[in-house]
Amino acid sequence: KSLPPVLVVHLKRFRYDSSFSRRVKVNTPVTFPHIIDATKVFSSESRNHLTKSTNHDGIKTEEFGQYELTCLIVHTGTAMGGHYRAF
């Protein structure tokens with residue numbers, strides 16, 4: 001078992017509001033560190049079963065489980081429609 005060379009995280013930013021019987025967009029700001037340590041979400045026992053992954057060039061990574069934030073995709077609009085932009 002190993003961590004993937006590219007990590008994609010998708011946050012669900014919509015919820016159902018039963019008082020209005022419709023979906024609404026969650027606009028609470030979210031911040032991310034420039035470097036994400038994915039090993040922090042695993043127990044120490046699980047980490048022991050993981051092997052070092054390789055980066056996109058096929059080279060073993062020294063920073064096991066470290067991911068550099070390289071892109072964000074942002075939705076503008078409402079829960080009923082809008083556009084996605086990548087940065």
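1. Is L11 buried, partly exposed or exposed? L11 is partly exposed, because its relative accessibility is 39%; buried means under 20% relative accessible area, exposed over 50%, and partly exposed in between (1.4 Å probe, protein chains only). L11 sits in the segment before β1 (14-17). Strands (E, at least two residues) are DSSP runs, numbered from the N terminus.

2. The model is predicted: local features need pLDDT of at least 70, side-chain atom pairs count only at pLDDT 80 or more, and totals for chains, interfaces and linings use all residues. Residues are numbered from 1 along each chain as its sequence is written, and side-chain values use heavy atoms, with hydrogens and water left out.

3. L11 belongs to a nonpolar surface patch together with L7, V9, V30, F32, L72, V74 and F87. The accessible area of the patch is about 670 Å² together, by the Shrake-Rupley method with a 1.4 Å probe. Patch residues have over 30% relative accessible area and no salt bridge, and nonpolar side chains are joined within 5 Å. A salt bridge is a side-chain nitrogen of Lys or Arg within 4 Å of a carboxyl oxygen of Asp or Glu.

4. Strands β5 (residues 73-78) and β6 run antiparallel, joined by 6 bridges; strands pair if DSSP finds at least two bridges between them. The two form a hairpin with 2 residues between them, and I73 has A86 of β6 as its bridge partner. Strand β6 (residues 81-86) lies largely in the open, because 0 of its 6 residues are buried.

5. S2 is also in the segment before β1 and is partly exposed, at 43% relative accessible area. Its C-alpha atom is 9.1 Å from that of G65, 63 residues apart along the chain.

Methods. Patch = residues over 30% accessible without salt bridge, like charges linked within 9 Å, V, L, I, M, F, W, Y side chains within 5 Å. Helix = DSSP H or I, 4+ residues; strand = E, 2+ residues; numbered from the N terminus.
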